[in-house]
Amino acid sequence: MSEMSITVIVPIYNASHYLYECIHSIIKQTCSDFELLLIDDGSTDNSSDICNFWIERDGRIKYFRQENSGASSARNHGLRKAQGDWVIFIDSDDYVLPNYLSDLYDITKKNTYVDLCIDGVRIYQENKQIRLVSFENKIYSADDALQLFCDIKIHKYGYSVGKLYKKSIIDKYHLRFDENICIAEDSVFMMNFISKCSHIAFCNKCNYIYNLHSNSLSTSVSNYEKELYSYNAYKDIIISLKKRYNMTDDAFEYLYSPIVFFIDRVLNSIYIEQNAPYKQRLEKIRRINIEEFRRFKKCNSWKEWVLKEIFVHRFFRLYDLLRIIK
């Protein structure tokens with residue numbers, strides 16, 4: 001690796017329909033000094049054949065295969081193998097425009113104190129752009145919590161892609177994706193990184209093409225223990241950020257409010273197995289912070305409002321009955 005030392009990590013699982021275009025878009029980058037790590041998370045389609053096709057044609061590509069363990073595990077595998085000074089993630093069903101790497105890296109070359117560079121994202125569905133997430137070209141101190149979390153709302157853009165991470169910080173603090181979190185693990189990783197870095201730059205180029213598929217916004221939940229773990233993990237990182245930045249109450253309240261998303265998932269997970277005894281469900285319900293639910297839950301229908309009122313007033317047997325017969 002020479003001057004432009006970037007590791008591109010692509011986690012792959014049964015992505016044969018999109019993988020060729022993804023890899024091709026990386027190979028076509030206007031910069032040339034990068035390594036591409038393809039991490040196959042136990043694919044059962046012909047993803048490995050596509051990877052081998054490209055490996056034979058480009059020496060910058062390395063292929064690793066592991067047993068199916070999830071995207072976080074695959075990204076962590078890539079982090080362990082990465083040789084670059086910078087790390088960037090690309091999902092195997094997306095693709096990037098030719099200046100994706102160079103536009104981000106140029107910012108870090110001109111501003112050597114920057115530890116994280118974030119680009120915008122073009123969201124596509126059925127080959128049509130339906131949304132553009134863009135930022136102004138600007139650099140912020142990571143200590144400026146009010147602007148980062150309240151003005152820019154950086155926590156809403158916690159997806160792993162579109163970000164160039166300085167690897168020395170990842171290595172120094174041994175930052176990894178938490179493989180026990182079943183939702184928003186990339187957001188927790190990003191916020192952990194921000195709590196350790198100095199300056200964050202934003203790029204207005206929007207060179208990342210995110211493909212939104214019909215199943216991209218899955219509402220399915222994992223089992224109760226995994227959902228509860230994810231709920232507590234998000235809570236812990238937000239509380240640690242408050243201590244790190246000495247946030248105002250208003251800033252903390254805003255950053256903390258998405259906790260209700262995790263609470264909803266925990267509650268839904270309780271009712272996956274409706275044959276469980278009531279006492280068992282009640283024990284799980286009581287592990288949820290009712291005050292958090294009361295403060296942050298927004299209701300989109302009268303049914304949701306009724307359930308919320310019953311829950312926050314601790315009429316758990318009635319709440320349980322309504323959840324079962326819904």
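Tyr208 counts as buried, at 0% relative accessibility (buried means under 20% relative accessible area, with a 1.4 Å probe and protein chains only). The model is predicted: local features need pLDDT of at least 70, side-chain atom pairs count only at pLDDT 80 or more, and totals for chains, interfaces and linings use all residues. Residues are numbered from 1 along each chain as its sequence is written, and side-chain values use heavy atoms, without hydrogens and water.

**Around Tyr208**
- Tyr208 sits in strand β10, residues 199-211 (strands are DSSP runs of E, at least two residues, numbered from the N terminus).
- Its side chain makes a polar contact of 2.7 Å with the side chain of Asp94 (a pair of N or O atoms within 3.5 Å, one able to donate a hydrogen and the other to accept it; residues adjacent in sequence count only if both atoms are side-chain atoms).
- Val96 is 112 residues from Tyr208 in sequence, yet their C-alpha atoms lie 4.7 Å apart.

**Fold and packing**
- The protein chain has 14 helices and 10 strands (helices are DSSP runs of H or I, at least four residues).
- Its radius of gyration is 21 Å, close to the 20 Å of the globule rule for 326 residues, so the chain is as compact as a globular protein of that length (taken over C-alpha atoms; the rule is 2.2 Å times the number of residues to the power 0.38).
- The C-alpha atoms fill a box of roughly 65 × 45 × 40 Å along the principal axes.
- Buried residues make up 52% of the 326.
- Of the contacts with a separation of 6 or more, 79% join residues 24 or more positions apart (contact means heavy atoms within 4.5 Å).

Note on methods
Buried < 20%, exposed > 50% of the residue type's maximum accessible area, 1.4 Å probe, protein only.
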